[in-house]
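Biologist: I would like a close look at a single part of this protein. Please keep the answer plain and connected.

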Amino acid sequence: MKSLILGYGVTGKSFESYLKLQNKDFDIIDPKIDNFEFSKISEYSDIYISPGINLRKTFPNKNIDNLNLISDLDIFFQQDNSIKIGITGTNGKSTLCYHLYQLLNKESSCNLIGNIGNPVLDNINNGKKYSVIEISSFQLEKLKSNNLDYAYITNIQRDHIDFHDNFDDYKKIKLKIFDNCKNPINPNIEFISVGQIYKFITGKEIIDNFQFKNLPYRLEKISQGIINDSKSTNTASLNYALNTIKFSNLNLILHGNPNKEKYKKIIINSSVDKVFVYGSQKAEIVKKLDHENIEVFSNLEECIDKIFNENNNPNILFSPGHPSQPDYINFEERGKVFTKLIDKKINESR
């Protein structure tokens with residue numbers, strides 16, 4: 001019988017490359033594009049499922065327990081020989097993965113893979129000693145067998161409720177990263193530094209004055225007083241940004257889909273002078289927003305134009321607090337658009 005790749009994003013394409021190397025016969029169905037019925041899926045022997053596919057919601061009255069669902073992590077765990085370090089969490093996992101990768105790559109050799117954008121299946125047994133794997137709740141939900149050497153959770157806060165139904169289910173899935181893990185790192189989920197994690201794994205102290213590189217769109221300084229935090233895709237990351245940035249007369253820009261968390265209200269602290277909301281779901285955000293000075297626009301350019309018209313040297317925090325879809329492909333595209341518009345305004349004022 002044929003195999004099936006279900007979903008054709010980054011992970012689906014890595015499944016395709018992997019199965020071609022295995023000389024397996026397969027079909028591809030992408031639910032975002034293709035109309036498909038449950039009876040068609042049940043005809044396949046193996047179903048290689050992408051993380052973002054939620055079969056229980058797609059087929060609520062069907063028995064999916066008998067389907068042989070295979071995740072990319074299950075394949076990687078079974079076949080790869082590197083020392084596997086899994087990191088998950090609601091916020092901060094990408095930055096932690098990136099910093100730990102830099103330390104371990106200096107120590108020896110290391111992969112930086114998983115949800116961070118580099119598929120695990122493209123890196124099986126490539127000769128690296130370590131693999132730092134960013135793991136999402138979507139991936140953990142589909143994981144059958146955990147074979148991590150080390151595991152760490154940055155934090156667990158309300159997120160992805162639209163996918164996991166409720167916070168308790170979301171938390172339970174996040175905690176799966178510790179199941180059968182050989183060396184859980186701080187399973188009490190208390191914050192520890194990347195240097196402490198590095199020492200836990202290698203037994204060595206962090207190199208003195210080690211200079212970390214940072215990922216873009218995470219509280220990234222674009223210009224004096226202007227911060228691009230497009231990676232802010234939930235209210236927890238928004239609150240972190242507001243507590244970190246200490247600018248006066250701050251203009252905050254919000255955007256995105258508020259349905260992911262299913263929260264009731266966002267209370268913006270007094271450090272924010274004005275809140276600018278834009279995008280296709282601006283009305284939904286405004287309904288849940290508690291602040292005395294709110295302005296609403298159709299697009300980001302209108303927001304930035306209004307801010308610069310009121311002040312040639314404004315303080316701006318672009319920390320949207322919500323996912324980027326459907327207005328952008330992802331937070332990277334959203335971040336690029338913001339930086340481009342700011343650069344344009346700065347150049348016009350010279």
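How much space lies in the second largest pocket, and which residues line the second largest pocket nearest its centre? Please go on from there to the helix that supplies the largest share of the lining.

Modeller: The model is predicted, and what follows should be read with that in mind. The second largest pocket holds about 780 Å³ of space. Its lining is made up of 27 residues. Nearest the centre of the pocket are N91, G92, K93, T95 and Y240. Sorted by class, the lining of this pocket consists of 13 polar, 10 nonpolar and 4 charged residues.

Two helices each give at least two residues to that lining: helix 5, which runs over 93–107, and helix 10, which covers 235–244. Helix 5 supplies the largest share, with 5 residues.

Helix 5 also packs against another helix. In general, a pair of packed helices is described by the angle between the axes and the distance between them. For helix 5 and helix 9, the latter spanning residues 194–202, the axes come within 10 Å and cross at roughly 45°. Helix 5 is therefore oblique to helix 9. The crossing of these two helices is right-handed. On the side of helix 5, the contact involves L96, H99, L100, L103, L104 and E107; helix 9 meets them with V194, I197, Y198, I201 and T202. By class, this contact between helix 5 and helix 9 has 8 nonpolar residues, 2 polar and 1 charged.

Helix 12 (residues 300–310) and helix 13 (residues 331–348) have axes that come within 10 Å and cross at roughly 35°. Their crossing is right-handed. Helix 12 contributes L300, E301, I304, D305 and F308 to the contact, while helix 13 contributes V337, F338, L341, I342, K344 and K345. The residues in the contact of helix 12 with helix 13 divide into 7 nonpolar and 4 charged, with no polar ones.

The peptide bond joining Q325 and P326 is cis, with omega of about 5°.

One more backbone detail concerns N125. This residue is not a glycine, yet it has a positive phi of about 45°. N125 sits in the loop between strand 6 (110–114) and strand 7 (130–134).

Methods:
Residues are numbered from 1 along each chain as its sequence is written. This is a predicted model: local features need pLDDT of at least 70, side-chain atom pairs count only at pLDDT 80 or more; totals for chains, interfaces and linings use all residues. Side-chain values use heavy atoms; hydrogens and water are left out. On a 1 Å grid over the protein atoms alone, a cavity is a set of points where a 1.4 Å probe fits but cannot get out, and a pocket is an open set with protein on both sides within 12 Å along at least five of seven lines; lining residues have an atom within 4 Å of a point. Grid points are joined across faces, edges and corners, and a volume is the space filled by probe spheres set on the points. Helices (H or I, at least four residues) and strands (E, at least two) are DSSP runs, numbered from the N terminus. Ala, Val, Leu, Ile, Met, Phe, Trp, Tyr, Cys and Pro count as nonpolar, Asp, Glu, Lys and Arg as charged, and the others, Gly among them, as polar. Axes are lines fitted to C-alpha atoms, for helices over the stretch in contact, and angles run from 0 to 180 degrees between N-to-C directions. Angles under 35 degrees count as roughly parallel, over 145 as roughly antiparallel, 65 to 115 as roughly perpendicular and the rest as oblique. A crossing is left-handed if the near helix is turned anticlockwise from the far one by less than a right angle, and right-handed if clockwise. Contact means heavy atoms within 4.5 Å.
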